[in-house]
Amino acid sequence: MAIRLLNIMHAKHILRRPNSFGKHVASTSIEVPKGHIAVYVGKRERRRFLIPISFLNQPSFQELLNMAEEEFGFEHPMGGLTIPCNEDIFIDLTSRLHEL
């Protein structure tokens, strides 16, 4: 349990999450570092994360992309890639991807 908690804490530092996204479209203008992509995660309240683009090739992350395609098609409500999963699950998955 302690190791999992440390992995989640490590992932939160690696994943860059700006302060609350809110409803402001202007928040999407926050710079995305080279080699990263912004994604919005959550079922109801969505939070913005910056992830390395290398994650897009990982099979476990591609499952999330398939979920997004099934739910939203190509019409993402936040204007960017929206992943309809629990934030904790997303952080857990991405922390494991960082370990690879």
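Which strands does helix 2 (residues 59–72) lie across?

## Helices over the sheet

Helix 2 lies across strand 2 and strand 3, and its direction makes an angle of about 100° with strand 3. Keep in mind as you look at the structure that this is a predicted model.

Helix 3, made of residues 87–99, lies across strand 1, strand 2 and strand 3. Helix 3 runs at about 10° to strand 2.

## The sheet itself

Now let us turn to the strands. Strands of a sheet pair through backbone hydrogen bonds, and the pairing can be parallel or antiparallel. Here, three strands make an open sheet with mixed pairing, and their order is 2-1-3. Strand 2 (47–52) and strand 3 (81–83) are at the edges with a single partner strand each, so one side of each has no neighbour in the sheet. From one strand to the next, the twist averages 40°.

You can trace one of the pairings yourself. Strand 1 (residues 36–41) pairs with strand 2 in the antiparallel sense, over six bridges. In strand 2, I51 is the residue that stands opposite I37.

## A cluster of rings

Next, look for the aromatic side chains. F49, F55, F61 and F90 come together as one aromatic cluster. A pair of aromatic rings is described by two things: the distance of the centres and the angle of the planes.

The count comes to three aromatic pairs. One of them is formed by F55 and F61, which are 6.2 Å apart centre to centre, with 50° between the planes, making the pair tilted. Are these two residues buried or exposed? Both F55 and F61 are buried.

Conventions. Residues are numbered from 1 along each chain as its sequence is written. This is a predicted model: local features need pLDDT of at least 70, side-chain atom pairs count only at pLDDT 80 or more; totals for chains, interfaces and linings use all residues. Side-chain values use heavy atoms; hydrogens and water are left out. Two strands pair if DSSP finds at least two bridges between them. Helices (H or I, at least four residues) and strands (E, at least two) are DSSP runs, numbered from the N terminus. Axes are lines fitted to C-alpha atoms, for helices over the stretch in contact, and angles run from 0 to 180 degrees between N-to-C directions. Contact means heavy atoms within 4.5 Å. Rings of Phe, Tyr and Trp (its six-membered ring) pair if their centres lie within 6.5 Å; planes under 30 degrees apart count as stacked, over 60 as edge-to-face and the rest as tilted. Buried means under 20% relative accessible area, exposed over 50%, partly exposed in between (1.4 Å probe, protein chains only).
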